[in-house]
Amino acid sequence: MAGQGIGGGTHLPPRRIRNADRGSRPPRRLRKTVIGVVTVAVVASVSSYAWADSKLNREVDLAKVQNRPPDGEGTNYLIVGSDSRDGLSDDDRKSLHTGTAEGRRTDSMILMHTGAQGTTMMSLPRDSWVTIPGYLRPETGKHVPAGKNKLNAAFSIGGPELLVRTVELNTGLKIDHYAEIGFAGFVNIVDSVGGVDVCLDRDIKDKKSGADLKKGCQTLNGRNALAFVRQRHQEAEGDLGRSQNQQKFLAALARKAGQSDTMLSPAKLYATMEAGLDTLIVDKGTGLENLTSMFRAMKGVSSGGGKRLNVPVSNPALQTPKGSAVQWDEARARKLFGELKKDRPVTVTDKKTGRR
């Protein structure tokens, strides 16, 4: 019988087979449109990426850092938030409560380690009482011998290179990449991603930073976010409490910046990259690929794939010739640094919270 196959089954006519196959795929015009849109998006993203990479301010030369420790396992980033007012108008400074000081000092420091054990974000209080290695005083050229001082002094005296050298001397961890952002860049990045969601367990009102936030979950714009990460007078642990807020916020910012609608939209990707370039400073060996890896690691921490902690502290109010400083718990800090250097699971916990 015409149209019957083996076993008595009925074949569809050849024309129907072709139409059925064609019906399972999008029309050719639609396929071409989709391919064209994807191609344009990819090209635009690549172009934005190349443009942004060429605009990075690579002014930090880690090759100038002397007496560096040997390489460890994994990768170490030193992430610095500076109080640089570059890029801010007088009105901006007043609105953001940044003051009028010139130059730049560290407002936060985080040593982030990534490796086989995940990511660990460790805050280094700027008032940490550490040994600053010998250096040449820039204004006189005279050699200053090694001595005790606050960690922030290393940055103020000798910039990023002396800061890196000081961190390496006191931790034994070699810094692979350096990234620093000022007030203006921070505010612009937060605004470029549409704000960052945070949940507060209490009201926060701080005159010096300008923070005036209510308890509960909310989206912080750039101005409010800067006030939140800078305030410390409302924190029971002062700088240590502020460090925890900074880590929490950076992880949330990385998560927001890494959302698919941002990464897949050339316009949003371009705006996000452009927003922070004005005040973003990195070392000569750091490119956008490294910064992308850094943000992915931060994002992983916000998703539970890492740890956030402060360097172990034995005395948060040590009296010194330079004023009140933060004294590290030498034994526990040394153990933590050793675990990070060998990329082993972190076992050191915060005595008060039990966090790792």
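Modeller: Let us begin with the open sheet of seven strands, which has mixed pairing and runs in the order S1-S14-S9-S2-S3-S4-S15. Please keep in mind that this is a predicted model.

Colleague: What makes strand S1 and strand S15 the edge strands?

Modeller: Strand S1 (57-60) and strand S15 (306-310) each pair on one side only. Neighbouring strands of this sheet are turned against each other by 25° on average, with direction ignored.

Colleague: How do you know that strand S2 and strand S3 pair?

Modeller: Pairing requires at least two bridges between two strands, and eight bridges join strand S2 (residues 75-82) to strand S3 (residues 106-115), so the two count as paired, and they run antiparallel. As one example of a bridge, threonine 75 has threonine 114 in S3 as its partner.

Colleague: Which helices lie on this sheet, and at what angles do they run?

Modeller: H5 packs on the sheet, where it touches S2, S3 and strand S9 (177-181), and its direction makes about 85° with that of S9. Helix H10 (residues 288-302) lies across S2, S3, strand S4 (118-123), S9, strand S14 (280-283) and S15, and runs at about 90° to S2.

Colleague: Why is helix H6 said to be largely enclosed by the rest of the structure?

Modeller: Helix H6 (residues 222-230) has nine residues, and seven of them are buried, so the helix is largely enclosed by the rest of the structure. The buried residues of H6 are Gly222, Ala225, Leu226, Ala227, Phe228, Val229 and Arg230.

Colleague: How many aromatic pairs does a search of the whole structure find?

Modeller: The search finds three aromatic pairs. In one of them, the rings of phenylalanine 186 and phenylalanine 249 have their centres 5.7 Å apart and their planes at 45°.

Colleague: Why do phenylalanine 186 and phenylalanine 249 count as buried?

Modeller: The term applies under 20% relative accessible area; phenylalanine 186 is at 12%, so it counts as buried, and phenylalanine 249 is at 1%, so it counts as buried too.

Colleague: What makes the pair of tryptophan 328 and phenylalanine 337 edge-to-face?

Modeller: The planes of tryptophan 328 and phenylalanine 337 are 65° apart, with 5.8 Å from centre to centre; an angle over 60 degrees counts as edge-to-face, so the pair takes that name. Both tryptophan 328 and phenylalanine 337 are buried. Elsewhere, ring pairs link Phe186, Phe228 and Phe249 into a cluster.

Colleague: Is asparagine 149 buried or exposed, and which residues does it touch?

Modeller: Asparagine 149, found in strand S8 (residues 147-150), has 15% relative accessibility, which is under the 20% limit, so it counts as buried. Leaving aside residues up to four places away in sequence, asparagine 149 touches Ser128, Trp129, Val130, Ile132 and Lys322.

Colleague: What describes the protein chain as a whole?

Modeller: The protein chain has 11 helices and 17 strands, and 46% of its 356 residues count as buried. It exposes about 18500 Å², of which carbon and sulfur atoms supply 52%.

Note on methods
Residues are numbered from 1 along each chain as its sequence is written. This is a predicted model: local features need pLDDT of at least 70, side-chain atom pairs count only at pLDDT 80 or more; totals for chains, interfaces and linings use all residues. Side-chain values use heavy atoms; hydrogens and water are left out. Helices (H or I, at least four residues) and strands (E, at least two) are DSSP runs, numbered from the N terminus. Buried means under 20% relative accessible area, exposed over 50%, partly exposed in between (1.4 Å probe, protein chains only). Contact means heavy atoms within 4.5 Å. Rings of Phe, Tyr and Trp (its six-membered ring) pair if their centres lie within 6.5 Å; planes under 30 degrees apart count as stacked, over 60 as edge-to-face and the rest as tilted. Accessible areas come from the Shrake-Rupley method with a 1.4 Å probe; for residues, only the protein chains shown count as cover. Axes are lines fitted to C-alpha atoms, for helices over the stretch in contact, and angles run from 0 to 180 degrees between N-to-C directions.
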